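The tour below moves from selection to selection and says what is to be found at each.

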Amino acid sequence: MTVKRGEDLTPSRLLRLACPIAAAACLTIGMASASPGGFATLVFVTGVALLSALAMILTRRWASVWLATIALVAFTGLAAYGLLAQADSVLMLAGAAAALAGWDLALEETRHPRDADSGAKLTGEIEKNHLRSLALAVSIGLMGAVVGQNLQVRLPFIVVALLVGLGVWMLERVLWEVNR
Amino acid sequence: MGTVNNKTLTVSLLVAGLFLAALMARSGDLAWLALLFLAYLGVGIFQYPARELVRLEAERHVSRTNGGDASMIEVRVRVRNLGANLVRVALCDEPGEGLVVSAGALEWEGPLRAGDEAQLIYSFREKRGSYVWKTVHARVSDPLGVVETEYLLPAPGEIDVLPEQPAMRRLPLRPRSTLHAPGSIPARVGGSGTDFWGVREYHPGDPLRWLDWRLTARHPRKFFTKEFEQEEIADVGLIVDARGKTNLSIVDPISGEEDSLFEHTASAAGALAEAFLHQGHRVSMLVFGCEAAPVFAGYGKVQLNKIMRCLANTRVGGGGIHDFSDYLPLRMFSSRALLIVISPLVRSDRSFFLRLRAAGHQGLLISPDPFDFMGGDPAQVKQPADGAAYRDWRRRPETGLAVRAAHLERNLLLRDISQMQVGVIDWRVSEPLYPLVRAALKPEHLRRGGLQSRKEPE
């Protein structure tokens, strides 16, 4: 484990360890309940989930942002595959949300190592602020996605395509605005 | 300017990928999965403080402190949030070139409430140089770190770390020619002074109290005035060698500190400039190394400040035209100036002293001894088994012979220069310079030239 002896197990650290495990567990259980491709697929999915969780946990030790990002992509891919394979959507969304939170916390910790000379109190304040915002983002996203999946709206393909195009364009505009 | 970092880019790509996958698979579930990531981006962007609401002010304070065995320089940067919002700020300061921070941190990150201030405090060991800071970097971001804006806050500060100056008492200077300005050096010219110089016929305007009444009594129709030796100031030019090829550096294996022969050269130049200016003389300086840095002739504390700043800013190096002492602009010194050259010397420098003498200058060479600087007495290299104080390179017979040969070559060069009627000081940097300079500046030595060095132990 990455927790060194004598280090405080802060909420942030606890969550950073718990989130990838939770993500792997949710995705594996969700896929197991649906068993879309038989035992071999389940073993593959479990292996990928566990490896991704391990990679996210070891991000701090190797100070590699890419490791966590690859793990997030893998988790998201598994969640998307699960959703397409009619696995339990709540578990899939929860898995993706936990992966997002784990990825964010892993990146945050590589950015501000605990043993940095900035004072524990300030680090605590940063953590508190960050966790509050992360909780807000994940809960809004998760609630929206769960509610949205339960809504049965039938739209023609062309409208969906236009909506997706509009969404991508809006996202690009927002990023352009931020850059400006 | 706001910047999209890797975090934002990753999440955006995931969102775009999920949307496209949803479109291709005609699956609404995948589109809803993208909402999770969109919410993450949205919360970050929503919580990012508006640029006009971010008001940060920085202030820098640079001071000297005493950090045990060495003087330290402490830098404090205060950043205050004058805006009304809480912002998450990451501060980053850059130390001066070549500085190694020995205590404190150059970075700070944390939330800054309205009216709060954050401080960056760090210190470094004093090292000769001129250090200037203009700004401090501040990066303001939302709590999730999705959107970041980089600010360059003006926080000016500067400090000059002058070369160490060994204390020098009054130097008995008696140059061949002086400047016509009242000073302390007997100028071998009649005028107003304190020492009797001679008697001449009275000129209208001479003070009556200077009339030589005895002589006047012997010559009834004439008046005679006493003359005193005029006391004037000297014009001194310092030429400081900052060439890379004459410099040596040693890194202490324990403390990791670097010491270089040029530091001793700079100290000597600073001490001499201070001593001469304190005595009221006119001093100019030319440092040649990476480039020729002249300080034109002047007097007093302002000139001392100019010289010290020039020495503080000097970097050892070279390779251009100033690497050759043949091209030094000697014309910046007046022909009456006594030129003091401080250089460890290389063989090709001989011609420079010929040029100096040909231009009619009186010269004095102070040559810091590189062998002494490298640690140990070169005279004892011939006894490598004697004691443990010798370094490895001295212990080996082949390098010991090389050192002896180089030392002999240096002695020959110094002797050669001294025969050009240039005073020469072979200065062992571990010993005080003052007694050697005092002896070398005696009129008989300065006029005839000659080699001043510490007596070799029997």
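**Before selecting anything.** This is a predicted model, in which local features need pLDDT of at least 70 and side-chain atom pairs count only at pLDDT 80 or more, while totals for chains, interfaces and linings use all residues. Residues are numbered from 1 along each chain as its sequence is written, and chains are lettered from A and ligands numbered from 1 in the order in which they are written.

**Colour by confidence.** The predictor gives the complex an ipTM of 0.84, together with a pTM of 0.66. Now select residues 377-390 of chain B, where pLDDT stays under 50 and for which the model has 18 contacts beyond four places in sequence; two residues are in contact if their C-beta atoms, placed from the backbone, lie within 7 Å. Where pLDDT is low, the predicted coordinates should not be read in detail.

**Select chain A.** Helices (H or I, at least four residues) and strands (E, at least two) are DSSP runs numbered from the N terminus, and on that basis chain A has seven helices and zero strands. Of its 180 residues, 37% count as buried, a class that requires 20 or more other C-beta atoms within 10 Å of the residue's own, whereas 12 or fewer make a residue exposed and the range in between makes it partly exposed, with C-beta atoms placed from the backbone. Among the contacts in chain A with a separation of 6 or more, 74% come from residues 24 or more positions apart.

**Show the interface.** Here 40 residues of chain B are in contact with 44 residues of chain A. On the chain B side, β1 (2-4), α1 (6-25), α2 (28-47) and β6 (107-112) each supply at least two residues, and α1(B) gives the most, with 14 residues. By class, this side of chain B has 26 nonpolar, nine polar and five charged residues, where Ala, Val, Leu, Ile, Met, Phe, Trp, Tyr, Cys and Pro count as nonpolar, Asp, Glu, Lys and Arg as charged, and the others, Gly among them, as polar.

**Select α5(A) with α2(B).** The axes of helix α5 (residues 89-111) of chain A and α2(B) come within 11 Å and cross at roughly 30 degrees; axes are lines fitted to C-alpha atoms, for helices over the stretch in contact, and angles run from 0 to 180 degrees between N-to-C directions. The two helices are therefore roughly parallel, since angles under 35 degrees count as roughly parallel, over 145 as roughly antiparallel, 65 to 115 as roughly perpendicular and the rest as oblique. Residues to display at this contact include A:Leu93 and A:Leu100 of α5(A), and B:Leu33 and B:Phe37 of α2(B). The residues of this contact divide into eight nonpolar, one polar and one charged.

The axes of α1(B) and α2(B) come within 8 Å and cross at roughly 165 degrees, which makes α1(B) roughly antiparallel to α2(B). Among the residues making the contact are B:Val15 and B:Phe19 of α1(B), with B:Leu33 and B:Phe37 of α2(B). This contact has 16 nonpolar, three polar and no charged residues.

**Finish at B:Val302.** Is this residue of chain B buried or exposed? B:Val302 counts as exposed because it has 10 C-beta neighbours inside 10 Å. B:Val302 lies in helix α5 (residues 300-313) of chain B, and its C-alpha atom is separated by 9.9 Å from that of B:Leu277, 25 residues apart along the chain.

How values were computed
pLDDT = per-residue confidence, 0-100.
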